[in-house]
Amino acid sequence: MRISTQNFYSGSGARLSDLQAKVGQTMQQIASGSKLQTPSQDPTAAVRALEVTQSMAVRDQFGKNRESLRSNLGQVDSTLSGMLDNLAGINEQVVLAGNSTRTNDDLASIAIVLKGQQQQMLGLANSTDSGGNYLFAGQQSSTQPFQSDASGVSYRGDERAQLVQVESGREMAIREGGRALFPKDGSGKDLFAQLGQTIAQLQDSSLSSAQRADSLKALGQSIESTQSALSGRQTSVGIRLGELDRLDDLSGARLLQSTQELTGLQDVDYNQVLSDLSRQQLSLQAAQKSFQMVSSLSLFNYLG
């Protein structure tokens with residue numbers, strides 16, 4: 001079979017071009033530190049690297065959600081502690097008012113203190129987060145949940161929790177309703193209503209201790225039920241904060257695993273790639289010498 005000069009040059013040129021391209025590609029890998037210069041180099045690895053990168057991006061967003069939720073729950077926890085402290089102060093004034101030796105002036109002073117504590121509790125119930133969203137308004141986070149007018153304090157939020165995704169398949173409430181924080185008694189009165197009634201009676205000097213006793217007792221019971229509700233919510237917050245810590249640990253382990261996998265898919269193994277470069281350069285040099293030798297042959301070389 002006779003090989004024409006044209007076929008020789010064409011085949012040899014293609015071979016040299018391919019070897020030069022491989023050397024150039026390997027040198028690019030060394031320079032960039034990445035062995036995936038183009039998806040066509042390793043389609044399977046390229047697809048997997050994209051999947052891992054997207055998974056890491058989603059996990060990063062979950063982490064940001066957990067960070068935001070932790071900050072919000074921290075504010076809720078602090079606010080609930082303030083409300084419980086306020087409640088303890090209210091209870092102290094109720095005990096003082098129940099002492100039959102108190103004068104009308106004493107009771108009027110207690111009423112002033114209770115009025116201030118009522119306003120403080122109202123302010124705490126209307127607390128907002130760093131973004132100006134009300135903590136205890138449920139999904140109506142832009143609406144002030146506890147509003148006061150001549151008829152008393154009414155709740156204007158809702159009881160629907162506002163959820164945020166903190167992990168694949170796991171959502172947590174970042175904001176909840178506040179109506180349940182102030183339970184109503186059998187007569188339909190909550191802490192604010194009972195405080196209002198008690199304050200009015202303490203300011204009425206015409207009433208006797210016996211006449212005020214029922215109101216003070218009802219307020220004491222409202223304090224107990226409100227304390228239970230606030231403590232229950234605080235316990236719920238603590239449980240969620242603990243779960244966030246565990247999710248952070250789990251996510252950190254998965255992130256490390258993904259990072260290691262991505263490194264294996266993308267990053268250059270310098271020992272391997274330098275060995276490949278040396279082998280490719282030797283192949284290229286051998287092919288160049290072979291091409292030069294064969295292309296320089298003439299009829300006289302053959303005759304000789």
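Buried means under 20% relative accessible area, exposed means over 50%, and partly exposed lies in between (1.4 Å probe, protein chains only). The model shown is predicted: local features need pLDDT of at least 70, side-chain atom pairs count only at pLDDT 80 or more, and totals for chains, interfaces and linings use all residues. Residues are numbered from 1 along each chain as its sequence is written, and side-chain values use heavy atoms, with hydrogens and water left out.

**View 1. The aromatic pair of Phe146 and Tyr155.** Four aromatic pairs are found in the whole structure. Rings of Phe, Tyr and Trp (its six-membered ring) pair if their centres lie within 6.5 Å; planes under 30 degrees apart count as stacked, over 60 as edge-to-face and the rest as tilted. Phe146 and Tyr155 form a tilted pair, 5.1 Å centre to centre with 55 degrees between the planes. Tyr155 is buried because its relative accessible area is 16%, and Phe146 is buried with a value of 1%.

**View 2. The aromatic pair of Phe146 and Phe192.** The ring centres are 6.1 Å apart and the planes stand at 50 degrees, so this pair is tilted. It links distant parts of the chain, 46 residues apart: Phe146 lies in strand S1 (residues 146–149) and Phe192 in helix H4 (residues 191–203). Helices (H or I, at least four residues) and strands (E, at least two) are DSSP runs, numbered from the N terminus. Ring pairs link Phe146, Tyr155, Phe182 and Phe192 into a cluster.

View 3. Thr198 counts as buried, at 2% relative accessibility. Leaving aside neighbours within four places in sequence, Thr198 is in contact (heavy atoms within 4.5 Å) with Leu114, Ser215, Leu216 and Leu219.
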